Amino acid sequence: MRTSEVLRSSVFSALVALATLGAVGQAMAFDDKVFDDKTGVKPQSSPWAVFQFGFSAYKSGHKDQAVEAYKYAAENGQIGATWKLARMYAEGDGVTRDDYAAFKFFSEIVDQDVEPGSPEESYVSDALVALGDYLRKGIPGTPVEENDVAAQEYYMRAAANYRNPNAQFEIGQMFLKGEGGVKASVKQAGRWLQLAAEKGHAGAQATLGNLLFQSGKVVRGLAMMTAALQRAPAADQPWIRSMQEEAFAAAGEADRRTAISLADDILTKGNNGDQ
C-alpha cells in the first residue's frame, strides 16, 4: 500500500466526520422521517438528511443501511455520498469489494463541475487520484485496462488544480521513471516531490532525501530519509526503511552521526531539512 492510499483513508474519514459534525446527533432524531427498517429510505426524503442518516448508520455499525442511504443521497446529487460509496466498495467496507463499482463511482465524481476552492473539491481531488491508481494497473476482468498515460492525466489534474499531495507525489515518481507519457526528468520530479513534501507527504520527503543523497548531499539527504521514516505510516515504512538503510550503510560514520542529529532537528522543528 502506498502513502497515497493510507493518507486518503485517514484524511477523508476525518473530512466526512467534520462535514457532518453536529449533524450526527441530530440524525437519530429524524431517522423515522427518512428511513424505515422494512422499506428503506422514504420517498421524497431530503438527500442531505439521508446522507446524514447514512453517516450515523455507518458509525453505529449498520453499514447495510448506510449503503442504501448513501445510494439514495448519491442519486440525488450528494457528492459526499458518492465518494463514501466509492471508498466502501474500494475497501470492501460493509460491502463485497468491487473495484469496478468503485471506479464507476469515482468517475461520477470527477465528471461533476466542481471548481477549485469549492467545499466539495476534496472529494473530486481524491477521486482523481483513485482513478489514476486504478488506471496505472488496470482492473482485471473489467473494461478498465492499464493505461499509465490516462493515469498521469488524472494525477496531473489533481496535482495542478487541487494541489493534492498524493497526486504530486505520483507525478514526481512518473517523472523520475519516465512513465505516463512524460520524459524522465529529475528536475521536474524534484519540483513535484518538493510540493508534496512541503505538505507533509512522508514518501515524497524520503524520495527527495534519496535524490539529495545520490547527488552528493549525503548528510542532508540521509537526514531527510531518517526523519521521513519516523513520520511515515506503517504501510510505507518498509520501502522507506530499505532505502534509508541502504544509504545509511554507504555513509561514513561522521556523516551518520550528523544526519541523525539533523533528523532529530527536522522532526522537532517540523521542517524538511532542505532549506
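R136 has a relative accessibility of 15% in this predicted model, and because buried means under 20%, R136 falls in the buried class. The partner of R136 is E170, with which R136 forms a salt bridge whose closest N and O atoms are 2.4 Å apart. E170 lies in helix α10, which covers residues 165-177, while R136 lies in helix α8, so this pair ties together parts that are 34 residues apart in sequence. E170 is also buried, at 1% relative accessibility.

Helix α8 takes part in another such contact. D126 forms a salt bridge with R87, and here the closest N and O atoms are 3.2 Å apart. Since D126 lies in helix α8 (residues 121-137) and R87 in helix α6 (residues 79-91), the pair ties together parts that are 39 residues apart in sequence. Are the two residues buried or exposed? D126 has a relative accessibility of 0% and counts as buried. R87, with a relative accessible area of 10%, is buried as well. The contact between D126 and R87 belongs to a network of salt bridges that links R87, E91 and D126.

A further salt bridge sits within one helix. The side chains of R256 and E253 meet at 3.5 Å, taken from N to O. Both residues are in helix α15, which runs over residues 253-269, and because they are three residues apart, about one helical turn separates them. As for accessibility, R256 has a relative accessible area of 22% and is partly exposed.

The backbone has a feature of its own at R163. This residue is in the loop between α9, residues 148-161, and α10; helix α10 is also the one that holds E170. R163 has a positive phi of about 55°, although R163 is not a glycine. With a relative accessibility of 47%, R163 counts as partly exposed.

Methods: Residues numbered from 1 in each chain as written. Predicted model: local features only at pLDDT ≥ 70, side-chain atom pairs only at ≥ 80, totals over all residues. Heavy atoms only, no water. Salt bridge = Lys/Arg side-chain N within 4 Å of Asp/Glu carboxyl O. Helix = DSSP H or I, 4+ residues; strand = E, 2+ residues; numbered from the N terminus. Buried < 20%, exposed > 50% of the residue type's maximum accessible area, 1.4 Å probe, protein only.
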